[in-house]
Amino acid sequence: MMIDSTLSSLGAKVVLAASSDENHPPENIIDGNTSTFWMSTGMFPQEFVIRFAEPTTVAAVTMDSYNVKHLKIEKNTSQNASQFEPVTEKEFEHTEGHLQSNAISLNGSRATHLRFLIISGYDHFVSVHRVSVKN
């Protein structure tokens with residue numbers, strides 16, 4: 001059974017973000033609302049790390065964003081946000097005037113942390129509006 005859940009309702013947290021704008025904090029990534037968002041400030045790569053309440057099997061993630069060009073996703077199963085291993089990477093298409101919505105298969109990876117590395121963008125700034133998980 002595929003359940004698409006708001007990450008914050010699952011007890012997930014954004015435990016690290018490369019940049020933070022007080023008007024667009026990293027928590028906005030997991031609140032399930034595409035009208036709130038996290039915005040990068042500064043150079044690439046940008047990253048954020050989501051920690052689950054417990055090790056979780058992840059079939060896929062869906063990321064709603066603007067201006068993201070190249071994304072890498074890494075995972076670990078440890079209690080701290082270090083020593084990640086690569087899971088997948090994806091090139092996003094440029095969208096004008098509407099969100100990029102990309103479903104990315106993680107092939108049932110077990111993870112305590114997922115690390116999202118935004119390697120490049122279509123603009124100087126990118127925004128991530130929602131990350132949801134299917135398990």
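A nonpolar core is a set of buried Ala, Val, Leu, Ile, Met, Phe, Trp, Tyr and Cys residues joined through side-chain atoms within 4.5 Å, where buried means under 20% relative accessible area, exposed means over 50%, and partly exposed covers what lies in between (1.4 Å probe, protein chains only). The structure is a predicted model, in which local features need pLDDT of at least 70 and side-chain atom pairs count only at pLDDT 80 or more, while totals for chains, interfaces and linings use all residues. Residues are numbered from 1 along each chain as its sequence is written, and side-chain values use heavy atoms, with hydrogens and water left out.

The largest nonpolar core has 26 residues, and among these Phe48, Ile50 and Phe116 touch the most other members. Two or more residues of this core come from each of strand S4 (46–66), strand S5 (68–76), strand S7 (100–121) and strand S8 (127–134); strands (E, at least two residues) and helices (H or I, at least four) are DSSP runs, numbered from the N terminus. Leaving aside residues up to four places away in sequence, Phe48 has contacts (heavy atoms within 4.5 Å) with residues including Val14, Trp38, Met63, Arg115, Phe116 and Val131.

Charged side chains come next. Side chains of opposite charge can pair when their charged atoms come close. A salt bridge here is a side-chain nitrogen of Lys or Arg within 4 Å of a carboxyl oxygen of Asp or Glu, and by this rule the count comes to four.

One of them joins the side chains of Arg115 and Glu47, at 2.9 Å from N to O, and this pair links distant parts of the chain, with Arg115 in strand S7 and Glu47 in strand S4, 68 residues apart. Arg115 counts as partly exposed because its relative accessibility is 21%, whereas Glu47, at 18%, counts as buried.

Another salt bridge brings together the side chains of Arg130 and Asp64, at 3.0 Å from N to O. Arg130 lies in strand S8 and Asp64 in strand S4, so this pair ties together parts that are 66 residues apart in sequence. With a relative accessibility of 28%, Arg130 is partly exposed, while Asp64 is buried at 3%.

Lys75 also forms a salt bridge, its partner being Glu85, with the closest N and O atoms 4.0 Å apart; Lys75 belongs to strand S5 and Glu85 to strand S6 (residues 85–91), 10 residues apart. Lys75 is buried at 15% relative accessibility, and Glu85, with a relative accessible area of 44%, is partly exposed. Finally, salt bridges that share partners join Glu47, Glu74 and Arg115 into one network.
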